[in-house]
Amino acid sequence: MMPLALADVGTENLIRKVGGSPEVRRHLEELGFVAGGTATVVAAMSGNIIVKVKEARVAISEEMARKIMV
């Protein structure tokens with residue numbers, strides 16, 4: 001397992017675990033980051049990461065991406 005922040009751009013990843021405080025977990029789950037789902041890093045720039053999850057593109061901070069284990 002590794003954090004989503006370290007995943008290669010363009011590679012689809014299976015989300016294994018979403019960590020962080022209950023509020024952070026709830027926020028990430030509302031965005032579509034749930035265990036068993038998939039996420040693809042589209043781009044990483046200036047501390048932010050654009051991720052394709054559930055057919056939508058979402059921008060999250062690198063700190064948030066480190067809480068999503070793939």
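**A chat about A43 and its surroundings**

Student: Let's start with A43. Which residues is A43 in contact with, leaving aside its neighbours within four places in sequence?
Tutor: A43 is in contact with V9, N48, I49 and I50. Contact means heavy atoms within 4.5 Å.

Student: What kind of model is this?
Tutor: This is a predicted model, where local features need pLDDT of at least 70, side-chain atom pairs count only at pLDDT 80 or more, and totals for chains, interfaces and linings use all residues. Residues are numbered from 1 along each chain as its sequence is written, and side-chain values use heavy atoms, with hydrogens and water left out.

Student: Back to A43. Where is the place of A43?
Tutor: A43 sits in strand β3. Helices (H or I, at least four residues) and strands (E, at least two) are DSSP runs, numbered from the N terminus.

Student: Is A43 buried, exposed or partly exposed?
Tutor: A43 counts as partly exposed, at 22% relative accessibility. Buried means under 20% relative accessible area, exposed means over 50%, and partly exposed is in between (1.4 Å probe, protein chains only).

Student: And how many residues apart are A43 and V9 in sequence?
Tutor: They are 34 residues apart in sequence. In space, C-alpha to C-alpha, A43 and V9 are 6.2 Å apart.

Student: What about another residue of that strand, T40?
Tutor: T40 is found in strand β3 too. T40 is buried, with a relative accessible area of 15%. Beyond its neighbours within four places in sequence, T40 is in contact with G10, T11, E12, I50, V51 and K52.

Student: Zoom out. How many helices and strands does the chain have?
Tutor: Two helices and six strands. From the N terminus on, the order is β-β-α-β-β-β-α-β.

Student: How compact is the chain for its length?
Tutor: The radius of gyration is 10 Å, close to the 11 Å that the globule rule gives for 70 residues, so the chain is as compact as a globular protein of that length. The radius is taken over C-alpha atoms, and the rule is 2.2 Å times the number of residues to the power 0.38. Along the principal axes, the C-alpha atoms fill a box of roughly 30 × 25 × 25 Å.

Student: What share of the residues is buried?
Tutor: Buried residues make up 34% of the 70.

Student: What about contacts with a separation of 6 or more?
Tutor: Residues 24 or more positions apart account for 52% of those contacts in the chain.

Student: Which residues touch the most other members of the largest nonpolar core?
Tutor: L4, I15, F33, V51, I60 and I68, out of 18 residues in that core. Such a core is a set of buried Ala, Val, Leu, Ile, Met, Phe, Trp, Tyr and Cys residues joined through side-chain atoms within 4.5 Å.

Student: Which elements each supply at least two residues of this core?
Tutor: α1 (22-31), β3 (38-45), β4 (48-53) and β5 (56-61). β4 gives the most to this core, with three residues.

Student: What does F33 touch?
Tutor: Not counting residues up to four places away in sequence, F33 touches L4, I15, V18, L28, A39, V51, V53, V58, I60 and I68.

Student: V58 is in that list. Where does V58 lie?
Tutor: V58 lies in strand β5. V58 is buried, at a relative accessible area of 12%. Residues up to four places away in sequence aside, V58 touches L31, F33, I49, I50, V51 and V53.

Student: How far is V58 from V24?
Tutor: Their C-alpha atoms are separated by 15 Å. Along the chain, V58 and V24 are 34 residues apart.

Student: One more loop residue. Where is G20?
Tutor: G20 is in the loop between β2 (17-18) and α1. At 37% relative accessibility, G20 counts as partly exposed. Leaving aside its neighbours within four places in sequence, G20 is in contact with R25 and K67.
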